[in-house]
Structures are given as structure tokens and as C-alpha cells.
Amino acid sequence: MTLKTIILASALSLASTSVWAACAFENDVPLKSLTAGFEAWKAATDAMAECGNFSASLDQEFKEKQPEAFAANPALYQIGGVANETLIPLLNAGSIRPLDDLVAKYGQSLSPNQLIAVDGKIMAIAMMVNAQHLMYREDILADLGIEEPKTYDDVLAAAEKIKEAGVVEYPLGGTFATGWDLAQEFVNMYLGEGGNFVDDNNMPTINTPEGIKSLETLKAMTAYMDPEYLVSDSTYVQQQFQQGKIAMASLWASRAAAMEDPAESQVVGKVKMASAPMGTVAPATSLWWDGIVLAKNMTDEQADAAFRVALEGMDTEMVKANNNAAVWLIPGYEVGPLAAGAAASAENGARPYPASTALGILHSAIGNGLAAYLTGAKDAETTLADIEASYLTSAKEAGLID
């Protein structure tokens, strides 16, 4: 199966300097977008801007800002960039609009795999898939006689050899920033161990042997990381890699192209992309899609213009100019070596991020509670028990459980 088939089958079940071709129409309706700040969104929003009367906010705090911004009347932004999990709060709030009418009117170039349907209505248009995969300095591992790591035991053994050799400041990097990033690291590790997060009654199920093993692996990794790992987000790790400070990290596939950017990377041609390391039953990662939504609280005229502008940002011309910026779901994309890690993770059985309201609440509780274990303030079982207790309080307030 192809990467597209593997990832989107799950999803649907719920940097370039090239000159852009002119926009297919001249937009005269003022529009704004709020998305994440990585290279793929810059490429897409730069293409949208060719239509005129459009401004983009590329903000790594977008997921905290979107719910309030889209709930405003009128909405503060017309176009939003979302992924599996960040779509859920907007759906729950009813602040985004179904797109079926606009797809019928303008979406003839969209493939079925791009249409993200919820309860029979198209609520988002996917433009790319993403996953965290293993990125490593091929030159360093080769010099030290280290084979490509396949498991986290392999990663830790390699990190020890790299530390002993003293060839980089830190053998490992990790997106361990307290909050969403740290929670996602646990989610990935727990999926790799075969864990499930809540049961059919929305009761939490992470205080388990698999949960404890996931925590122990994360803690073991920190011995080889920058001591400031609790502020280390994706951009932090990307820059550490580019500056030659680290040798290995599980990082988003959407960050791979930055390693090959000679304007900011000192390791061009030295970083290889591989499958996320295996847990007990699956790669320790999760499969995602990224795409656009439209705010509900705007006029039909704005919605019409916003959809047309968004499509201009997700067309074949944009992809051909930015092929390596993402694993695109758009005609014209050619799979290359920078997508090899995401493809291998999918082919090895990586699970999709199981987005839901319950997991959104649990994700927040994990992000707020996990640092206590890593810093030694609590043991693993107490940490997980406290996280579950925090989740239960919030889940009751949200009406998910009695």
C-alpha cells in the first residue's frame, strides 16, 4: 500500500523560493488565516496571498488561540489550519461550517482522500499527512559503527555510544516542552506499546504497565538530552539539528525539509529519515493529517472567497514549487527521501492519532502532569494516577462521564 492509502484510510475514518504562478482569480474580500508556523503552512499561505486581500498568521500557539478566535462573531479569522486533534474543539464549539456546498461548487480538483467528513458532512480539506519519525545523523552513526536504530532500546544504546564519543553536545533531542508537546510524546510511546487511552465509557486507561513503561522510556531519553528539555518544542529540536548539536530525534516529517535548507542548516546531506522506533507492538508515533477549515461566523460572500483562496494555496503549482516541504495529498507530489521515515512508520503499522473530545481532555491532563515524573517529584504510578484524576474532573465538567 502507498503512504497516502495507509494514512488516509485511517484519517477518513473518524521551502521553496520558486516564483508562483498568478492566482486564478482576483480576490477582493479581506481574509485572514490562523495556522501553525511550519514550512508547509508558509508555502500554502504564501500561495493564498497571491490572490490578494489576504493575510496569514503563522503561529505555533494556534491551537490555543483558534477556539476563541473562531467563536467570535464575526470570527477573527476566516480560514483555519487544523489537524486530527485540533479539529475537535472547533467541531464541539460549532464554530466551523460544513463545506459540502463549496466543494460541489469549486472542489472538482480535490481527491476523495482530502475530504474529511464528520457525521456525513465535509468539515475540513486535508492537504498533507504528518507523523513523527526518527531523524539521525547518518555520518555520525556510520563513523561510530552504529546501525540504524529500530527500537528505543537501540536508540538508547546508540545515544550512550554517541555520548561516550563526545561528537555532539547532546545525543538526543526531543519535543518534551511541558504541555501539548510532552503529552504527544507520551501518546506516541503509549500507542507503540499498544495502549488505549479511554474505554467505551470515557474512563481513563493509562495507569497500566504499558503506561509505566512509556514513562520509563521517556525518562531514560532525558539523560541524553539538553537539560532544558522541558522547554524543547519542535522548532527548538529542529534548530538543534540544523546547528549540529544533536545526533538523533523523533521529529515531525514536516520538519525534514529544514535539514536540507542551506540558508539555515549546517547538516545538509547528513540527516537520514527512518521509521519511528518500534514499541512493543507498533512504531512509537501517530499518523496525522493537516488541512483547512472555514469559520462559521462569517458571510456567505466571505466563505465563498475564503474557500477559493484556500484552494489556491493547496494546488498542484504550490506543491511542485514546495515538493519537499510536506508529504502532500495534492496532485503533483512526488515522494522523495525526506518522506521515507513517514512512509516507513506507516508501513510498519503506526496507528492514527485517535482524536476525540475525551482524548483532547486527557491530552491536556498528561501535558500538565507528566513533568512531575521526569523531574523526580513523583513516581510513575502516582503520576499516572494523578493525571487520571485530573482527567476525571474535567471530563465530568464536560459531561463525558457521570
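Helices (H or I, at least four residues) and strands (E, at least two) are DSSP runs, numbered from the N terminus. Axes here are lines fitted to C-alpha atoms, for helices over the stretch in contact, with angles running from 0 to 180 degrees between N-to-C directions. You're looking at a predicted model, where local features need pLDDT of at least 70, side-chain atom pairs count only at pLDDT 80 or more, and totals for chains, interfaces and linings use all residues. Residues are numbered from 1 along each chain as its sequence is written, and side-chain values use heavy atoms, with hydrogens and water left out.

Let's start with a helix pair. Helix α8 (residues 180–192) and helix α9 (residues 209–222) have axes that come within 9 Å and cross at roughly 125 degrees. That makes α8 oblique to α9 (under 35 degrees is roughly parallel, over 145 roughly antiparallel, 65 to 115 roughly perpendicular, and the rest oblique). On the α8 side, the contact (heavy atoms within 4.5 Å) is made by Glu185, Phe186, Met189 and Tyr190; α9 brings residues including Leu215, Leu218 and Met221.

Now follow the loop between α8 and α9, where Asn202 sits. Asn202 isn't a glycine, yet its phi is positive, at about 65 degrees. With 21% relative accessibility, Asn202 counts as partly exposed (buried is under 20% relative accessible area, exposed over 50%, partly exposed in between, with a 1.4 Å probe and protein chains only).

Asn53 is another non-glycine residue with a positive phi, near 55 degrees. Look for Asn53 in the loop between α2 (39–49) and β2 (54–58); at 44% relative accessibility, Asn53 is partly exposed.

One more loop to visit: Pro74 lies between α3 (62–71) and β3 (79–83). A cis peptide bond links Asn73 to Pro74, with omega about 5 degrees.
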